[in-house]
Amino acid sequence: MKLYNLKDHNEQVSFSQAVKQGLGKQQGLFFPLELPEFELTDIDEMLDMDFVSRSSKILSAFIGDEIAPHQLHERLKSAFTFPAPVTKVTDDISSLELFHGPTLAFKDFGGRFMAQMLSWASEADEKITILTATSGDTGAAVAHAFYGMDNVRVVILYPQGKISPLQEKLFCTLGGNIQTIAIDGDFDACQALVKQAFDDQLLKKAIGLNSANSINISRLLAQICYYFEAVAQLPQEKRNQLVISVPSGNFGDLTAGLLAKSLGLPVKRFIAATNTNDTVPRFLAEGEWRPNATVATLSNAMDVSQPNNWPRVEEIFRRKTWRLTDLGYGAVDDETTKTTLRELASLGYISEPHAAIAYRLLRDQLQEGEFGLFLGTAHPAKFKESVEAILGQTLSLPEALAERANLPLLSHQMAANFAELRAFLLHK
Ligand SMILES: Cc1ncc(COP(=O)(O)O)c(C=O)c1O
């Protein structure tokens with residue numbers, strides 16, 4: 001597989017390089033040189049396969065012979081160990097639930113596959129240190145994805161006292177190859193420390209520093225697979241009338257959906273659903289890219305006004321000669337998010353703010369004869385406080401959270417001081 005840098009098409013790398021490097025020159029995103037397409041008969045056959053075998057076929061089509069098919073299959077088997085069920089909400093709308101993994105969010109698919117690919121792309125005796133800063137959720141996904149891997153050490157920085165106690169329990173109780181550091185400072189201070197570490201060439205070499213970046217191509221490729229898994233669960237008559245609504249922040253999930261469609265998956269239309277951080281809906285309506293200052297909303301993981309992956313979305317439309325005007329869109333404010341969560345609860349479906357936004361636009365825009373799917377990107381218990389306040393009922397904790405809630409925290413404490421962090425990275 002060859003990929004090019006969207007900021008400089010002359011920079012081309014292999015899949016394994018793209019996985020290890022994350023970003024290209026000038027922070028450019030990598031994008032596949034070839035966009036494979038399956039025949040309709042292949043797609044039908046694939047929809048009958050099990051999740052891992054089908055995913056292996058999809059990813060082989062992109063990655064090619066850089067990784068042997070049986071190796072890819074094994075790696076996917078280790079990454080995709082949990083289901084992505086389609087759950088009925090109304091007669092013509094269902095949810096694709098992507099929160100049944102260890103950290104209860106869709107990030108588990110991409111994070112776990114990226115971990116597998118990073119360990120595959122590194123030499124057998126090469127030690128890697130993954131260093132990352134988290135404001136809550138990414139830390140958990142990264143920690144669980146790399147937990148127990150022989151040649152990988154993970155160091156996660158987070159702002160002390162500024163993440164929820166349950167979020168902290170989820171990744172700071174693992175131990176083993178996962179080290180967590182509570183920094184006396186805010187998230188920006190954590191990110192600044194990570195940046196300093198990446199700028200320190202000696203340190204970088206000494207510990208094999210690597211990032212588990214959210215724009216890594218391996219994450220996107222993994223996410224394509226659950227769109228196929230969704231369609232595989234639908235009866236034939238619904239497959240040809242399918243509209244998928246994607247709750248969007250950085251637009252990675254939508255990019256993956258569009259790549260699934262470009263492979264030949266029958267999706268009639270996508271809806272790009274945002275909260276009031278609506279740079280993309282305004283761009284699609286008015287043709288001008290005018291990001292506003294980011295505002296805090298109930299769907300906080302989508303509080304993004306300069307979405308990283310948007311250049312990839314535009315590139316797919318350009319390469320496929322699709323029209324951006326065919327992309328559905330809309331923005332939902334907090335008040336409507338709350339009413340929608342209550343509406344879903346009255347339908348017997350407890351959801352959370354991100355998915356509720358996607359559902360809302362779907363139910364508003366779905367046309368006669370169409371069938372709608374919205375992505376359930378996180379478990380409602382991850383947003384326990386707000387969901388409970390909005391619905392006036394208590395949510396029980398899923399097992400993954402409940403079983404960690406009473407374990408002791410194993411975090412180190414540190415001032416926001418690079419010399420201290422450097423010493424820790426070299427000697428601990
Ligand atoms: C729960 C949840 N929903 C939706 C999104 C948006 O996904 P994307 O950034 O791929 O658009 C995120 C992103 O972090 C998320 O955590």
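Biologist: How far does a backbone N or O atom of Asp253 lie from an oxygen atom of the ligand?

Modeller: First, this is a predicted model, where local features need pLDDT of at least 70, side-chain atom pairs count only at pLDDT 80 or more, and totals for chains, interfaces and linings use all residues. Residues are numbered from 1 along each chain as its sequence is written, and side-chain values use heavy atoms, with hydrogens and water left out. For Gly252, a backbone N or O atom sits 3.0 Å from an oxygen atom of the ligand. For Asp253, the distance is 2.9 Å.

Biologist: How much of the ligand's accessible area does the protein cover?

Modeller: Accessible area comes from the Shrake-Rupley method with a 1.4 Å probe. On its own, the ligand has 390 Å² of it. The protein's share of cover is 92%.

Biologist: Is Ser55 buried or exposed?

Modeller: Ser55 belongs to helix H3, residues 51-63 (a helix is a DSSP run of H or I, at least four residues). Its relative accessible area is 0%, and the cut-offs are under 20% for buried and over 50% for exposed, with partly exposed in between. So Ser55 is buried.

How values were computed
Helices (H or I, at least four residues) and strands (E, at least two) are DSSP runs, numbered from the N terminus. Buried means under 20% relative accessible area, exposed over 50%, partly exposed in between (1.4 Å probe, protein chains only). A polar contact is a pair of N or O atoms within 3.5 Å; within protein, one must be able to donate a hydrogen and the other to accept it, and residues adjacent in sequence count only if both atoms are side-chain atoms.
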